Amino acid sequence: MSVFKNLSRRVRQPFHARYAFRRLQEYHAAPRSLAEVVDWAMHFGGGGWMRVKTLQLPSEITRLAEAVAAIKPRIILEIGTASGGTALIWAALASERVISCDLIDMSRQRPLFSRFPPPGSSCRVILLSGNSHDPSFRERVAGELAGYQVDFLFIDGDHTEAGVTADYEDYRGFVRPGGLIAFHDILENQPLPTNQVYHLWKRLKQRAPTEEFVTEGNQSGFGIGLLHVPEQGAPTVAGVPE
Ligand SMILES: C[S@@+](CC[C@H](N)C(=O)[O-])C[C@H]1O[C@@H](n2cnc3c(N)ncnc32)[C@H](O)[C@@H]1O
């Protein structure tokens, strides 16, 4: 980010924060259906560091949220917080904890994002900043979990083939049997050459039961892949050809 843009964001931060907390109050003013939660994740709005948004397609993220809600998750782990849109959804679903990780420093967003869970919820939102590929970062996640297993893991960080494969291999062991692991941008037809999740997805489909949530067959980009973790745990893809 340019020095000017950063300075301008800093100056406007108090206004952005006031607006965002007002929006959060509106969101919390009534019990929300899952469809409403998804709609808030897409249209919460705001500016600067306090903007809340998800870049998911509504029908895809709604189907994923329904699948996650069906397993009544206690703990959700997410790689790729960005503007907190999906974290808002997970915070409405998890009964105990959402751990959301991103490369970017989340200190300004923390006061807002940590208040995402609806009134009366016992869920805590924990934001971790760091590189998911760093072994010491994985240890921090393990420390936060303190031996507990995750019900749902959402991998939406590094989209390169090597990056998403490393995230899957490094974090799959945290997910309980019967739990879920989802990936964003599984379609082969992607607008960015660095979106290479489909390489991993093709291999994973051979190893465990999966579902695909895709809005239109011929769309460019997006697509969510959901893996149902078998009793023996999420399988490695090492040695599995495409
Ligand atoms: C597509 S965005 C996540 C969107 C978010 N899940 C949503 O839909 O609301 C991807 C995020 O992953 C983060 N990211 C990329 N590589 C990462 C890595 N190695 N470790 C942690 N976060 C990473 C980026 O900084 C970016 O904010």
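This is a predicted model: local features need pLDDT of at least 70, side-chain atom pairs count only at pLDDT 80 or more; totals for chains, interfaces and linings use all residues.
**Entry 1: around the ligand.** I found 19 residues around the ligand, and Thr54, Gly80, Thr86, Asp102 and Asp156 come nearest. Next I sorted the shell by class: 11 residues are polar, five are charged and three are nonpolar.

Entry 2: Which atoms of the ligand face Asp102 and Asp156? For Asp102, I noted an N or O atom of the side chain 2.7 Å from an oxygen atom of the ligand. For Asp156, a polar side-chain atom lies 2.8 Å from a nitrogen atom of the ligand. Asp158 uses its backbone instead: one of its polar backbone atoms is 3.4 Å from a ligand nitrogen atom. I also checked the cover: the ligand taken alone exposes 600 Å², and the protein buries 83% of that.

Entry 3: Where does the ligand sit? I found it in the largest pocket.

**Entry 4: aromatic rings.** How many aromatic pairs does the structure hold? I read off nine. I picked out the pair of Trp90 and Phe154, which is edge-to-face, with 5.4 Å from centre to centre and 70° between the planes.

How values were computed: Residues are numbered from 1 along each chain as its sequence is written. Side-chain values use heavy atoms; hydrogens and water are left out. A residue is near a molecule or strand if one of its heavy atoms lies within 4 Å of it. A polar contact is a pair of N or O atoms within 3.5 Å; within protein, one must be able to donate a hydrogen and the other to accept it, and residues adjacent in sequence count only if both atoms are side-chain atoms. Accessible areas come from the Shrake-Rupley method with a 1.4 Å probe; for residues, only the protein chains shown count as cover. On a 1 Å grid over the protein atoms alone, a cavity is a set of points where a 1.4 Å probe fits but cannot get out, and a pocket is an open set with protein on both sides within 12 Å along at least five of seven lines; lining residues have an atom within 4 Å of a point. A molecule sits in a cavity or pocket if more than half of its atoms lie within 2 Å of its grid points. Ala, Val, Leu, Ile, Met, Phe, Trp, Tyr, Cys and Pro count as nonpolar, Asp, Glu, Lys and Arg as charged, and the others, Gly among them, as polar. Rings of Phe, Tyr and Trp (its six-membered ring) pair if their centres lie within 6.5 Å; planes under 30 degrees apart count as stacked, over 60 as edge-to-face and the rest as tilted.
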